[in-house]
Amino acid sequence: MDVVSSRTQGPQGPNLRVDGQRLWNSLMDMALIGPGIAGGNNRQTLTDEDGEARALFQTWCEEAGLSMAVDQMGNMFATRDGTDPEALPVYVGSHLDTQPTGGKYDGVLGVLGALELVRTLNDLEIRTKRPIVIANWTNEEGTRFAPAMLGSAIFVGRHTLDWAYTRQDSEGKMFGDELQRIGWQGDEAVGERRMHAFFELHIEQGPLLETAGCDIGVVTHGQGVRWIECTVTGKESHTGTTPMLMRRDAGRALALVTELVNEIAMARQPMAVGTIGHIDIYPNSRNIIAGKAVFTADLRSPDPEILNEMVNEFDVRARTLCEQVGCSFDSEIVAQFEPPAFDLDCVGLVRDAAQTLGYSHMDIVSGAGHDACWINDVTPTAMVMCPCVDGLSHNEAEEITPEWARAGTDVLMHAVLAAAEMVDDSQS
């Protein structure tokens, strides 16, 4: 798709930059909501803290002259009108929810960077032909309600709304009930909006950009992901009286499968990663041999053939390992998406913007899943990435610099302006 069909010339030169200090102040103000215990954030989806963050974001949007709409998944859409009421909007955004021990920038930079580019356009009285819509997608992290990127997945039709409403957290609370409880269940039908293009700014969450001394990551592809929820069943018995040869230890089976995941990913370097991140073990008592372990294997690769190979190998070998120690093994894929290739025209706009602004840039593959990976199903999409210190994310110590935040937002703004066909009010 030709994202830029025509362009009205305006002040879109290298001197057009966002207000980096205002952006940073907004990031720090948002970080006050749902503080973690070690400098980051715990603002999990559909908690009271999530509701408070949404309210602050809405206030800021209204102060910037945007109109707010909320769909039945709680996805938020703040619109800045364009000069052509019939033109499809350019969407830009990310998410405000965090991991339980999350950082201040993962997702939040993409939402507040989008708000800052609109504030800058307002300051300079720059209009666009197409409307610009800022999106805050619900439950990107998936830490409380699986799967991740749930709001955008429902938007593109990967799952049904009713299915999403029945997702449960670890306490048995349902997604639909919690969305209603915090007051962010909108009336708008999910997925009926049409887009001209979508752009998402995000921290890299990996070490490549910082290691290379590069300002901007131009994301060309994303990794495919499989979350495999596994249940290993053994037999509970006394740790002191059960002979070693008679044990059916689900904890031991879990340890063997954990090493297997690492082995499978290491055999396919550099095109694969894998880990076991979520674990529940039962009865979780010091003097009882574990009778059951429930855990999730996370396998990823940008190559669909490699990803499928990993999943198949894991299923066969994990089952065999568990049987060898007297345990049974069951598994279910609870979240998956294929490796996305982002739109060449949109990617080109990001690359051109970095070049125009004089920022060093490199093509990268996103190792993490993002809402852009789902929105790519329904509209031309691209991502902008900035470095993060030591590549650390999903950790309260996650950190970026104000300069990185501004550079990423500058590039985002120029790419969005190009897609939205900027109009200089002084010439109109």
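The structure is a predicted model, in which local features need a pLDDT of at least 70 and side-chain atom pairs count only at pLDDT 80 or more, whereas totals for chains, interfaces and linings use all residues. Residues are numbered from 1 along each chain as its sequence is written, and side-chain values use heavy atoms, with hydrogens and water left out.

The average pLDDT of the protein (the predictor's confidence in each residue, from 0 to 100) is 95, and 96% of the residues score at least 70. Over residues 5–11 the pLDDT is below 50. Beyond near neighbours in sequence, this stretch has 15 contacts in the model, a contact being heavy atoms within 4.5 Å.

Twelve helices and 16 strands make up the secondary structure of the protein; helices (H or I, at least four residues) and strands (E, at least two) are DSSP runs, numbered from the N terminus. The radius of gyration is 23 Å, close to the 22 Å that the globule rule gives for 428 residues, so the protein is as compact as a globular protein of that length. This radius is taken over C-alpha atoms, and the globule rule is 2.2 Å times the number of residues to the power 0.38. Taken along the principal axes, the box filled by the C-alpha atoms is roughly 85 × 45 × 35 Å.

Of the 428 residues, 55% count as buried, where buried means under 20% relative accessible area, exposed over 50% and partly exposed in between (1.4 Å probe, protein chains only). The protein exposes about 17,600 Å², of which carbon and sulfur atoms supply 48%; accessible areas come from the Shrake-Rupley method with a 1.4 Å probe, and for residues only the protein chains shown count as cover. Among contacts between residues at least 6 apart in sequence, 80% join residues at least 24 apart.

Strand β15 (residues 381–386) pairs with two other strands, a pair requiring that DSSP finds at least two bridges between the strands. Strand β6 (residues 197–203) runs parallel to β15 and is joined to β15 by six bridges, with Val384 in β15 as the bridge partner of Leu201. Strand β7 (residues 216–222) runs antiparallel to β15, with three bridges between them, and here Val219 stands opposite Met383. β7 also pairs with strand β14 (residues 361–366), in the parallel sense and over six bridges; Gly222 has Ser366 of β14 as its bridge partner.

The strands β15 and β7 are both mostly covered. In β15, six of six residues are buried, and in β7, six of seven. In a regular strand the side chains alternate between the two faces of the sheet. Both faces of β15 are covered, with Thr381, Met383 and Met385 buried on one side and Ala382, Val384 and Cys386 buried on the other.

A search of the whole structure finds zero disulfides, a disulfide being a pair of cysteine sulfur atoms within 2.5 Å. The sulfur of Cys322 has its closest cysteine sulfur in Cys327, at 6.2 Å, which is too far for a bond. For Cys373, the closest cysteine sulfur belongs to Cys346 and lies 14 Å away, again too far for a bond. Cys322 counts as buried at 0% relative accessibility, and Cys373 is buried with a relative accessible area of 3%.

Most residues other than glycine have a negative phi, and most peptide bonds are trans. A cis peptide bond joins Gln269 and Pro270, with omega about 0°; Pro270 lies in the loop between α8 (250–266) and β10 (273–282). The bond from Tyr282 to Pro283 is also cis, with omega near 0°, and Pro283 is found in the loop between β10 and β11 (288–289).

Positive phi values occur at Met149 and His394, neither of them a glycine. Phi of Met149 is about 55°; this residue is in the loop between β5 (132–136) and α4 (150–155) and is buried, with a relative accessible area of 5%. Phi of His394 is near 50°. His394 is located in the loop between β15 and α12 (402–420) and is partly exposed, with a relative accessible area of 40%.
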